[in-house]
Amino acid sequence: MTPTLRLAILGDIHGNLPALEATLAHLDSQSPDGVYLLGDLVNRCPWNSEVMALLHARGWPSVSGNHDLIISRLHTPENRPPFDVRSRFPILYWTWDHLAAEAIAALRALPAEISVALDGAPPIRLLHGLPGNPFVGVYPESDAAQIARTFAAYTEPLIIGGHTHRPLDREIDGKHFLNSGSVGLPYNGDPRAQYMTL
């Protein structure tokens, strides 16, 4: 009998350490074969340094979320309006101010996408939002034809994203789209930390 491969997918932690700790306690009891992160590791909640240290210790691969991208560009020539006005985005700058240089460097190093190819499993594409745009995600109500066009160049049959903070399980044009929901700030009416196992 072929053993079952089990993966865990976490996203949108947003610096929420208590939610991440609750997730990890449950996750560790499941003993997955691999764990992947969908970005937005920081910002919005105050435990960003602790979250980054804990994730660094785990060594799990992650893509960059829009919050990770914005934070990593603050105080650099890559920072763009409107995020260059500190008074308009005090939480972003507070997060940057309280992160260690190593954590900011780790955010800067995150890739926009990851392709996961594991023996015995279909290939998986991980990204935070849409291709080239981590500020927009796939929703249950997203226009199917537009999503099909947006992902037409992708060959992976399974695409997993974050950003919306809402779990998703949707078939579009022969591709299976999933969203694990949010560990730190769920938007689906259930305040509990959420993640996905495959």
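1. For the volume given here, a cavity is a set of grid points where a 1.4 Å probe fits but cannot get out, and its volume is the space filled by probe spheres set on those points. The model is predicted. A search of the whole structure returns one cavity of 30 Å³ or more; the largest cavity holds about 80 Å³ of space.

2. Which residues lie nearest the centre of the largest cavity? They are Val-138, Ile-160, Gly-161, Gly-162 and Leu-178, out of 14 lining residues. By class, the lining comprises eight nonpolar and six polar residues, with no charged residues. At least two lining residues come from strand S5 (158-161), and at least two from strand S7 (175-180).

3. The pairing of S5 may be described on each partner in turn. Strand S4 (residues 124-127) runs parallel to S5 and is joined to it by three bridges; Arg-125 has Ile-159 as its bridge partner in S5. S7 also runs parallel to S5, with four bridges between them, and here Ile-160 stands opposite Leu-178. Both Ile-160 and Leu-178 are among the residues nearest the centre of the largest cavity.

4. How many aromatic pairs does a search of the whole structure find? The search finds three. One of them, Phe-83 with Phe-89, is tilted, at 4.9 Å centre to centre and 50° between the planes. Phe-83 counts as buried because its relative accessible area, 18%, is under the 20% cut-off.

5. Phe-151 and Phe-177 form an edge-to-face pair, with 5.0 Å centre to centre and 75° between the planes. This pair links distant parts of the chain, 26 residues apart: Phe-151 lies in the loop between H6 and S5, and Phe-177 lies in strand S7. Phe-151 is buried, with a relative accessible area of 1%, and Phe-177 is buried at 2%. Ring pairs also bring in Tyr-154, which forms a cluster with Phe-151 and Phe-177.

Note on methods. Residues numbered from 1 in each chain as written. Predicted model: local features only at pLDDT ≥ 70, side-chain atom pairs only at ≥ 80, totals over all residues. Heavy atoms only, no water. 1 Å grid on protein atoms, 1.4 Å probe; cavity = no way out; pocket = protein on both sides within 12 Å on 5 of 7 lines; lining within 4 Å. Nonpolar A, V, L, I, M, F, W, Y, C, P; charged D, E, K, R; others polar. Pairing = 2+ DSSP bridges. Phe/Tyr/Trp six-rings, centres within 6.5 Å; stacked < 30°, edge-to-face > 60°. Buried < 20%, exposed > 50% of the residue type's maximum accessible area, 1.4 Å probe, protein only.
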